[in-house]
Each structure stands twice: as C-alpha cells, then as structure tokens.
Amino acid sequence: MAFVERVGFRFWICAGCDSGTLEEYYVFDITYNDFASPVDSQYYPERKELHVEDKKFKQLPEKLNNIYRETLKAYNNKLSVLCALGIRSLIEGICANKSVAGRDLQGKINNMVSISLPQNIANNLHSLRFIGNEAAHELTAPTLYELKLAIEICEDLLNFFYELDYKAHKLTSSRTLSNRNVGELSGL
C-alpha cells in the first residue's frame, strides 16, 4: 500500500475564445488493490455553467429585489439550503406585497388566484413551498437542478406580477407616440 499526496496547478487556454482558466488540483492517492482516489479540482475564475445570471426588474419592490439577489448569490455559491429558504421567502414576499390573504403559506399560495394567477400555476407553486419547508425543518438540500428550476419559476412570477404590465404599458405608449408622429408628418 502506498500514499501519495499532490497539489498542483494547470493553466488552461480555450481554443475557441482564448480565455484562460487556472486549475488547482489536489490528490490524496492511496494505491491499494487498483483503487485510485479521485482528483479534487478548483477552477479560477469559477466555472459558470451552473450559475444563474440575475434578471433586471425595473418595477420590483426593493425588499423583493434584495431577497431575489440574495437567493441567486446563495445558489451561485452552492449554498443550497439557504437558496431554498430564499425561494420560499420570495414567494412569501410576493404574497405580502400583493396583500394575498392566508393563515400560512399554503393558504396564501391557494389564494394567489385572487390576484390573477391561473389555478394550475398556483397548485404547482406548492412544490416551491415544499422545497423551502424541507430546507428549513429537515435541513435537506434540494439538487442544483431543482433550485435552478425553482429560481426560473420565481423569475417568471416576478415578471408576471411586476414587469409585464409595465412593459405592455411602455409598448402602448411607444405605439401611441409613433402613431401621433406619423399623423403629424402626413398632415392628418
């Protein structure tokens, strides 16, 4: 039986974009009956394939914007339990901001139909509540895939409740102004 411990660095250059990445690797290898320990690597800058880029919401209240940004930071730093709690807090925050009645989050989600959320969407939002409950009460971390999907759902909710009306109004105003300018140019 032999023990080998190695720390090393490799510098990688992408053949497509010429960007560089530094890999720091660590191996604690115990060679015993053809067993080899896996290599543990860290990359600088950190790999971004699982990161979520934050969306810019112009009409989002500051408190909700802060919760949203903190939730993304937790996700991007692989703090899964905290991210799940942030997702639950974001749903709670939307309900509070929109004055959705309910004794608990389950009741509030059920009552989101009173603020124009389709029933099938409200029914499926309970999975976000369960993710938050499991993180808070059982300290169970959801998978990164589940968290990324939950974040996308939250972004869709934020877009629906806060941005869609603003963007539609902006389009209507733009078209009204454009039509007025066309009318003035044509002498109408």
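Leaving aside its neighbours within four places in sequence, with which residues is His126 in contact? The answer is Gln106, Ile109 and Asn110, where contact means heavy atoms within 4.5 Å. The legends below begin with the whole chain and then turn to close-up views.

The model is predicted, so local features need pLDDT of at least 70 and side-chain atom pairs count only at pLDDT 80 or more, while totals for chains, interfaces and linings use all residues. Residues are numbered from 1 along each chain as its sequence is written, and side-chain values use heavy atoms, with hydrogens and water left out.

Figure 1. The secondary structure comes to six helices and three strands. Helices (H or I, at least four residues) and strands (E, at least two) are DSSP runs, numbered from the N terminus. Of the 188 residues, 31% count as buried; buried means under 20% relative accessible area, exposed means over 50%, and partly exposed lies in between (1.4 Å probe, protein chains only). Among contacts with a separation of 6 or more, 49% come from residues 24 or more positions apart.

**Figure 2. His126 at helix α5 and Ile109 in helix α3.** His126 belongs to helix α5, residues 126-137, and counts as buried because its relative accessible area is 10%. Ile109, one of the residues that His126 contacts, is placed in helix α3, residues 105-110. Ile109 is buried as well, since its relative accessible area is 1%. Not counting residues up to four places away in sequence, Ile109 touches Ile91, Ala122, Leu125, His126 and Arg129. Between Ile109 and Gln119, which are 10 residues apart in sequence, the C-alpha to C-alpha distance is 9.8 Å.

**Figure 3. Helix α1 and the residue just after it.** The 15 residues of α1 should span 21 Å at 1.5 Å a residue, and the end C-alpha atoms are 21 Å apart, which agrees. The expected span is 1.5 Å times one less than the number of residues in the helix. Leu64, Asn65, Tyr68, Thr71, Leu72, Ala74, Tyr75 and Asn76 are buried in α1. Just after this helix, Lys78 takes a positive phi of about 60 degrees.

**Figure 4. Gly86 in helix α2.** Helix α2 covers residues 80-97 and holds Gly86. Gly86 counts as buried because its relative accessibility is 10%. Apart from residues up to four places away in sequence, Gly86 touches Ile67 and Thr71. Gly86 and Glu70 are 16 residues apart in sequence, with their C-alpha atoms 7.3 Å apart in space.

**Figure 5. His51 in the loop between β3 and α1.** With a relative accessible area of 16%, His51 is buried. The His51 side chain reaches the backbone oxygen of Asn76 at 3.4 Å. Glu46, Tyr75, Asn76 and Lys148 are the residues that His51 touches, not counting residues up to four places away in sequence.

**Figure 6. Aromatic pairs.** Rings of Phe, Tyr and Trp (its six-membered ring) pair if their centres lie within 6.5 Å; planes under 30 degrees apart count as stacked, over 60 as edge-to-face and the rest as tilted. By this rule the count comes to two aromatic pairs. Phe57 and Tyr68 form an edge-to-face pair, at 5.4 Å centre to centre and 80 degrees between the planes. This pair links distant parts of the chain, with Phe57 in the loop between β3 (40-44) and α1 (62-76) and Tyr68 in helix α1, 11 residues apart. Both Phe57 and Tyr68 are buried. Phe160 and Phe161 also form an edge-to-face pair, with 5.0 Å centre to centre and 75 degrees between the planes. Phe160 counts as partly exposed because its relative accessibility is 34%, whereas Phe161, at 11%, counts as buried.

**Figure 7. Charged side chains over tyrosine rings.** A charge sits over a ring if NZ of Lys or CZ of Arg is within 6 Å of the ring centre and within 35 degrees of the ring normal. The charged end of Arg10 sits over the ring of Tyr25, 4.1 Å from its centre. Lys98 lies over the face of Tyr162, at 4.6 Å from the ring centre.

**Figure 8. Cysteines Cys14 and Cys95.** A search of the whole structure finds zero disulfides, a disulfide being a pair of cysteine sulfur atoms within 2.5 Å. Cys14 is in no disulfide, and the nearest cysteine sulfur, that of Cys17, is 3.6 Å away. Cys14 counts as partly exposed at 34% relative accessibility, whereas Cys95 counts as buried at 0%.

Conventions:
A polar contact is a pair of N or O atoms within 3.5 Å; within protein, one must be able to donate a hydrogen and the other to accept it, and residues adjacent in sequence count only if both atoms are side-chain atoms.
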